[in-house]
Amino acid sequence: MTNEQIQVVTIAGNDSDGSAGMPADLHSFFMRHVYGMGILTAAVSGNSYGIEAAQVMPAEFIAQQFATLAKDFKIRAAKTGMLADATVINVVADCYEKYDFGPLVVDPVIITKHGAMLLEEEAYQTFRRRLLPLATVLTPNFFEAQKLTGLELATDEQIMTAARQLQAAGAKNVMIKGRHDDEHQREVRDFVLTATGESFWLAEPYVKTDHVNGTGDSLSAVIAAELAKGQTPAAAIRLAKKFVHTAIAQPIAVGHKFGPINHWATADLK
């Protein structure tokens, strides 16, 4: 087959309301003109008010999805999302090491943007040991970066030190996402440290809205899409930052409480 469409895969959970997880990843892949596939790790029953039930996929089924896709497709990049427990993390790491799915973007999904822990301690330790060293790009939020490094990130210097520490732990490129939980803040600042030693800050105006579901998922998905196209990690990260800000700044009316970002708003983004 000539001129084969660029193919990428998300390894993540499905949110039934479409706002986050695999649906947000697939929306992002579509808007960046890559063909998106999915390896399902879990499923949640939720709406804009919250999650009411969850189901983790069996390890054997997760492994079979990897094997089935590898038999047929040339996947050029992958990303991880919700990996619910140590068993899931181990099977994902095993399969990623076994099959060539290109560079890996790891969205930790350890702690929420409000600071609530999502993984049990055993799963967290497994994540640190197995998945973090596989990351081409690691995209922790502020609280996840604090947890992963054990540092208090109160200053720019502490954030830069944390990025260096995460890189030393095995992640090739690191993007520490800035806090966005203060309605009085004026901007959201992220710090990036690349494998080449380049470092920079990215900032966009803070938008006060309840429609931010799927922001982290979409950011990491866009990075994966751009890496699959051959972009450098720095270029992929810069574009992903613009993508999510654009999608947040032009909200859509879906749900009655916490809603999704607007992927359609990014159609003209270069």
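This is a predicted model: local features need pLDDT of at least 70, side-chain atom pairs count only at pLDDT 80 or more; totals for chains, interfaces and linings use all residues.
Which residues lie nearest the centre of the second largest pocket?

The secondary structure of the chain consists of eight helices and nine strands. With a radius of gyration of 17 Å, close to the 18 Å that the globule rule gives for 270 residues, the chain is as compact as a globular protein of that length. The C-alpha trace spans about 50 × 40 × 40 Å along its principal axes.

Helix α4 covers residues 121–131 and helix α5 covers residues 142–149. Their axes are 11 Å apart and meet at an angle of about 80 degrees. Angles of 65 to 115 degrees count as roughly perpendicular, so α4 is roughly perpendicular to α5. On the α4 side, the contact is made by Glu121, Tyr124, Phe127 and Arg128. On the α5 side, Lys147, Leu148 and Thr149 take part. By type, the residues of this contact divide into three nonpolar, one polar and three charged.

Now to the pocket. The second largest pocket has a volume of about 220 Å³. Its lining is made up of 13 residues. Of these, His27, Ile252, Ile261, His263 and Trp264 lie nearest the centre of the pocket, which answers the opening question. The lining as a whole divides into seven nonpolar residues, five polar residues and one charged residue.

How values were computed. Residues are numbered from 1 along each chain as its sequence is written. Side-chain values use heavy atoms; hydrogens and water are left out. On a 1 Å grid over the protein atoms alone, a cavity is a set of points where a 1.4 Å probe fits but cannot get out, and a pocket is an open set with protein on both sides within 12 Å along at least five of seven lines; lining residues have an atom within 4 Å of a point. Grid points are joined across faces, edges and corners, and a volume is the space filled by probe spheres set on the points. Ala, Val, Leu, Ile, Met, Phe, Trp, Tyr, Cys and Pro count as nonpolar, Asp, Glu, Lys and Arg as charged, and the others, Gly among them, as polar. Axes are lines fitted to C-alpha atoms, for helices over the stretch in contact, and angles run from 0 to 180 degrees between N-to-C directions. Helices (H or I, at least four residues) and strands (E, at least two) are DSSP runs, numbered from the N terminus. Angles under 35 degrees count as roughly parallel, over 145 as roughly antiparallel, 65 to 115 as roughly perpendicular and the rest as oblique. Contact means heavy atoms within 4.5 Å. The radius of gyration is taken over C-alpha atoms; the globule rule is 2.2 Å times the number of residues to the power 0.38.
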